[in-house]
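Have a look at it first, and then we'll start with a question.

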Amino acid sequence: KRILFFKELPSTQDIAHRLLRYGELSGTVVWADRQSSGRGRLGRSWFSPPHRGLYFSFLLKDIPEEDLPRYGLATALGVARALESLVGVPVHLKWPNDILLQGRKLVGILVEAGAGGAVIGIGINVSHRRQELPEEIRKKATSILEATGLKPSRARLLRHILEALEPLYEGLPHERWSEILTEWRQRDITYGARVILVSGGRRHKGVALGPDEEGFLVFKEPLGKLRRLHSGEILLWE
Ligand code: BTN
């Protein structure tokens, strides 16, 4: 696979989108040491200072839009497996595709539809120290270094992740999906928890029951009715 490394980019997502439009090979990776306008889900930005994090995107060709949620979930699972094998500590998943370590966010994943395919971006906090994190995420985020004292090389981390993702993607959208879903639910930190969700500007309360076959989040409302969300965020869980 091709890996293109840049010292600095506005966002690795944009370059990967451009490559997708120009017909670049599926799986090509765009990696940057820092991003000046790294972006996250729901219109947020992604804190991307130099040397501290691993920020990369890759393109996948020929993926119908309705399969994207499944790719997002599979990506989170693959990254979780790679991190555990490299760092040796258990990580959890939070719908749709966050990875948490000790209850704090360690990895963010952004899945965007592009020219006939998808661009998937992954941001990992590798060696930020707590006092370097912006105030508004200091309580919610962590880094590998902060949580474990370890500082794995980013190149090695990237390689492990790409190796973990390949077999998962090969089995999508169908063959390996039920296996992915089963492991996902086992690692889901909010499974069975009372949660507060926001979606499309509305708040919902309920008990989270994990992603369903299509990758939507299922939850049970206080009166027992089951509902599903296709996008949004879990704000609180207990
Ligand atoms: C989120 O949790 O909101 C998703 C964050 C995704 C961040 C990564 S960093 C590499 C890639 N480039 C971006 O601009 N964003 C993604």
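In what order do the five strands of the open antiparallel sheet come? Reading across, you get E11-E10-E9-E8-E12. Strands here, labelled E, are DSSP runs of at least two residues, while helices are H or I runs of at least four, and both are numbered from the N terminus. Two strands pair if DSSP finds at least two bridges between them. Strand E11 (226-229) and strand E12 (233-237) are the edge strands with a single partner strand each, so one side of each has no neighbour in the sheet. Neighbouring strands of this sheet are turned by 45° against each other on average, direction ignored. For angles, axes are lines fitted to C-alpha atoms (for helices over the stretch in contact), and values run from 0 to 180 degrees between N-to-C directions. Inside the sheet, six bridges hold the antiparallel pair of strand E8 (residues 194-199) and strand E9 (residues 202-211), with arginine 194 opposite valine 207 in E9.

Before going further, two bits of housekeeping. This is a predicted model, in which local features need pLDDT of at least 70 and side-chain atom pairs count only at pLDDT 80 or more, while totals for chains, interfaces and linings use all residues. Residues are numbered from 1 along each chain as its sequence is written.

Now for another sheet. Seven strands make up this open one, in the order E1-E2-E3-E7-E6-E5-E4, with mixed pairing. Its edges are strand E1 (3-9) and strand E4 (92-94), each with a single partner strand, so one side of each is left without a neighbour in the sheet. The twist from one strand to the next averages 20°. E1 and E2 run parallel and are joined by six bridges; leucine 4 stands opposite valine 30 in E2.

E7 runs antiparallel to E3, with eight bridges between them, and leucine 54 sits opposite isoleucine 124 in E7. Eight bridges also join E7 to E6, again antiparallel, and here valine 111 has isoleucine 120 in E7 as its bridge partner. E6 and E7 form a hairpin with two residues between them, and glycine 116 in the turn has a positive phi of about 70°.

How covered is E7? Nine of its nine residues are buried, so the strand is largely enclosed by the rest of the structure. Buried means that 20 or more other C-beta atoms lie within 10 Å of a residue's own, exposed means 12 or fewer, and partly exposed is in between, with C-beta atoms placed from the backbone. In a regular strand the side chains alternate between the two faces of the sheet. In E7, Gly117, Val119, Gly121, Gly123 and Asn125 point one way, and Ala118, Ile120, Ile122 and Ile124 the other. Take alanine 118: it is buried because 26 other C-beta atoms lie within 10 Å. Not counting residues up to four places away in sequence, alanine 118 touches residues including Leu60, Tyr71 and Val111, where contact means C-beta atoms, placed from the backbone, within 7 Å.

Next come the helices. Seven of the ten residues of H1 are buried, among them Ile15, His17 and Leu20. After H1 comes glycine 23, with a positive phi near 85°. Glutamate 24 lies in the loop between H1 and E2, and it counts as partly exposed because it has 18 C-beta neighbours inside 10 Å.

What about the inside? The largest nonpolar core has 49 residues, and Leu77, Val79, Ile99 and Ile120 have the most contacts within it. Such a core is a set of buried Ala, Val, Leu, Ile, Met, Phe, Trp, Tyr and Cys residues joined through C-beta atoms within 7 Å. Helix H2 (residues 68-87) gives the largest share of this core, nine residues. Another core, of nine residues, lies apart from it and includes Leu197 and Ile234.

Finally, the ligand. Of the 20 residues around the ligand, Ser11, Gly40, Gly108, Gly121 and Gly123 come nearest; a residue is near if its C-beta atom, placed from the backbone, lies within 6 Å. H1, E3, E6 and E7 each supply at least two residues of this shell.

How values were computed: Contact = placed C-beta atoms within 7 Å.
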